[in-house]
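Welcome, and thanks for taking a look at this one with us. Here is a short briefing to read alongside the viewer.

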Amino acid sequence: MLWETVTLAFITITRNKLRTFLTVLGVVIGVAAVIAMVTIGQGSSAQVSASVASLGSNVLTIRSGTRAFGPPGGGESAPKFTLKDADALADLPQIAYVAPIVTGGQTVVFGNANASTQIYGTSADYLKVQNWPLALGRGFEGTEETAGAAVCVLGQTVRTKLFGTSDPIDETVRVKNVACQVIGVLAAKGAGSFGQDQDDIVLMPIKTVQRRLEGNKDVASISVALRKSATSAQGIKAVQAVMRDRRHIGLTQADNFNVTDMKELSSMLSGVNAVLTGMLSSVAAVSLLVGGIGIMNIMLVSVTERTREIGIRLAVGASSGQVLTQFLVEAIVLSLMGGVIGILVGLGLAYGASVFMAIPFAPSGAVVAMAFGFSALVGVVFGYFPARRAARLDPIEALRHQ
Amino acid sequence: MEPLIAFRDVARIYGSGEAEVRALDGVDLTINKGEFVAIMGPSGSGKSTSMNIIGCLDRPTSGKYLFQGTEVQDLDQDSRALLRRHYLGFVFQGFNLLARASALENVELPLIYKGIPKAERVARAKRALEKVGLAGRENHDPSQLSGGQQQRVAIARALAGDPMVILADEPTGNLDSHRGHEIMQLLQALNRDEGITIVMVTHEEDIAAYAQRLLVFTDGKLTRDEAVKGHS
Ligand SMILES: Nc1ncnc2c1ncn2[C@@H]1O[C@H](COP(=O)(O)OP(=O)(O)OP(=O)(O)O)[C@@H](O)[C@H]1O
Ligand SMILES: [Mg+2]
């Protein structure tokens, strides 16, 4: 009898395809949005975790000014760092590697090809701080660093733009007006926590960048890798002590630089990520609710339209329970249809987004099962009221209805 | 022999106070198994009201209704649905077929609620359609059938559930006289050959002439109860 009822529901539903589609649309949108949000959220969480793991030993970044993010600032008085600051940090027992950094956007040219990219002037230890292996060639040598030699290491994106698949080692590229010999290529790293392309980069010795591109001796930031034996807290404390001393900050004065712990930053990012995912998912859940109300609305209309049909069914011996079941099953079938389509659309959207944002595609069986269960629940909850109304009709009134 | 249908002082009152309408007012009647009864009377005299009560679609306000000797006037919705399902078949003036279902599906409907499996249901529905002369029209929708044919489908539907009683409220009211007589011959045959009790409301003398017995209602009261001329 139940199977009979389900078949009957399918027949009724397929008779009016446009109405069925419109009825189901609300649930489709709701479920698709929830599935897409959660799947994308999980993908980007996985991405953040992966980038935290790839940091290896703990890394601190020291910037001038008091702001941890955005452009350096927090008062014009905040002086820039110098290479001497970096040397002083290198002497600390907690610190394993030091990479002073100065960055600037430049266009790099090879033959007819050119690439706008980010030039990082830094030390050879940058690769160790970042835990970043080379794909080809070698990093800077000590003499190249001290002399400010015109050598560079390309990120994969820049390498592909300028050289395609051919070997770039020992070729000469032009950065602004500096002819620069390619000595190495970095391994591909993929997208960062913000979705930026981390491989769109060219490394050069910091002195080369200071003298020949920037024309000053400033250091924008310093990244240091802590020794395994040192905790973040110890490292931060030691760095602050040295920098306060070097920058002549009085006991009562605030720091005019800041130290960020990359691991902390990453875990904060995944926190933000979770909050965002949660928020977007609840917005999506509300639209699912609206979809449910849409189903209720259509079912109510359908009960009115089909009053006579209900009367006929009652006259030939249907119990009110059977009429209730019929309408309830119809509502559930509708919302499950919406649920299934929504799940497929949502996974499709999430897949597209994961390709576009270069994050892992992380569909979760639990979330899919939950969406399915929830759409069934929507059918039951919003189908019950119209179904009860149908079941309570008086057979005589219903038969007379025209 | 115990009567199939018995009313004991049945009243059906709509509204109350000033607006009170006594649709049925103290009706006593009995109908025996196998009878073919016609009900006549002026408009508003309570014919449909008594049919609805006999058909367990409605309940008397007071009095007793005995079906096969059992009082059924106080049964709830679902018990009355069971009575309809197992003992009663309806034929309406306006046919009342499901518009978006084929003739066969319409006839299958009561069998679905009887819980009869698909294959047997189709076989029985086909047989019922054959009996009313609609073999070969199983897959037609009601809109593809003439009025007379639609009423035959409705009779087949009433028949399919093997009822003891067929209740027909103005079954020929929407048909021309020729089709009306065809339907009456069909009902008469079912009464004669299958022993199905038939209770029918009509406004036309020549339609009532197919019955064996005539009940006349006036103002909610049963005012005449007699054998139809030409029948003994
Ligand atoms: N649902 C109702 N509410 C109020 N009054 C009703 C209702 N149904 C019927 N009546 C009244 O009860 C009386 C009997 O109605 P009924 O339908 O039984 O008449 P009838 O003999 O079938 O008439 P007709 O030949 O026109 O079909 C009428 O006065 C009618 O107005
Ligand atoms: Mg009437």
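Let's start with a pair of strands: β4 (residues 62–67) of chain B and β5(B) run antiparallel to each other and are joined by two bridges. Within that pairing, B:Phe67 has B:Thr70 of β5(B) as its bridge partner. Please keep in mind that this is a predicted model. The points below go from the sheet to the hairpins, then to the ligand site and the interface.

**The sheet in chain B**
- The β4 and β5 strands belong to an open sheet of four strands in chain B, ordered β2-β1-β4-β5, with antiparallel pairing.
- Each of β2 and β5 (70–71) of chain B has a single partner strand and stands at an edge, so one side of each has no neighbour in the sheet.
- As a reminder, strands of a sheet pair through backbone hydrogen bonds, in either a parallel or an antiparallel way.

**Two hairpins in chain B**
- Strand β1 (residues 5–14) of chain B is antiparallel to strand β2 (residues 21–31) of chain B, and seven bridges join them.
- Across this pair, B:Val10 sits opposite B:Val27 in β2(B).
- Six residues lie between the strands of the β1(B) and β2(B) hairpin, where B:Gly15 has a positive phi near 65 degrees.
- Further along chain B, six bridges connect strand β9 (residues 213–218) with strand β10 (residues 221–227), again in the antiparallel sense.
- Here B:Arg213 is the residue opposite B:Ala227 in β10(B).
- The hairpin of β9(B) and β10(B) has two residues between its strands, and B:Asp219 adopts a positive phi near 50 degrees.

**The site of ligand 1**
- Which chains supply the residues around ligand 1? Chains A and B both do, so the site is shared between chains.
- There are 14 residues around ligand 1, and those that come nearest are B:Ser43, B:Gly44, B:Lys47, B:Ser48 and B:Thr49.
- B:Ser43 places a polar side-chain atom 2.5 Å from an oxygen atom of ligand 1.
- For B:Thr49, an N or O atom in the side chain is 2.5 Å from an oxygen atom of the ligand.
- B:Ser48 has a polar side-chain atom 2.7 Å from an oxygen atom of ligand 1.

**Where chains A and B meet**
- The contact involves 21 residues of chain A and 23 residues of chain B.
- About 2100 Å² is buried between chain A and chain B, with carbon and sulfur atoms giving 55% of that area.
- On the chain A side, A:Ile312, A:Val316 and A:Ile396 lose the most area to chain B, and together they make up 26% of what that side buries.
- How many salt bridges and polar pairs cross this interface? The rule finds zero salt bridges, and it finds six residue pairs in polar contact, both residues being at pLDDT 80 or more.
- Four elements of chain A give two or more residues to the side that touches chain B, namely α1 (2–15), α10 (307–315), α11 (320–357) and α13 (395–400).
- Of these, α10(A) gives the most, with six residues.
- By type, the chain A residues on the side that touches chain B comprise 10 nonpolar, five polar and six charged.

Terms used. Residues numbered from 1 in each chain as written. Chains lettered and ligands numbered in written order. Predicted model: local features only at pLDDT ≥ 70, side-chain atom pairs only at ≥ 80, totals over all residues. Heavy atoms only, no water. Contact = heavy atoms within 4.5 Å. Buried area = accessible area lost by both parts, 1.4 Å probe. Salt bridge = Lys/Arg side-chain N within 4 Å of Asp/Glu carboxyl O. Polar contact = N/O pair within 3.5 Å; in protein donor to acceptor, adjacent residues only side chain to side chain. Nonpolar A, V, L, I, M, F, W, Y, C, P; charged D, E, K, R; others polar. Pairing = 2+ DSSP bridges. Near = heavy atom within 4 Å.
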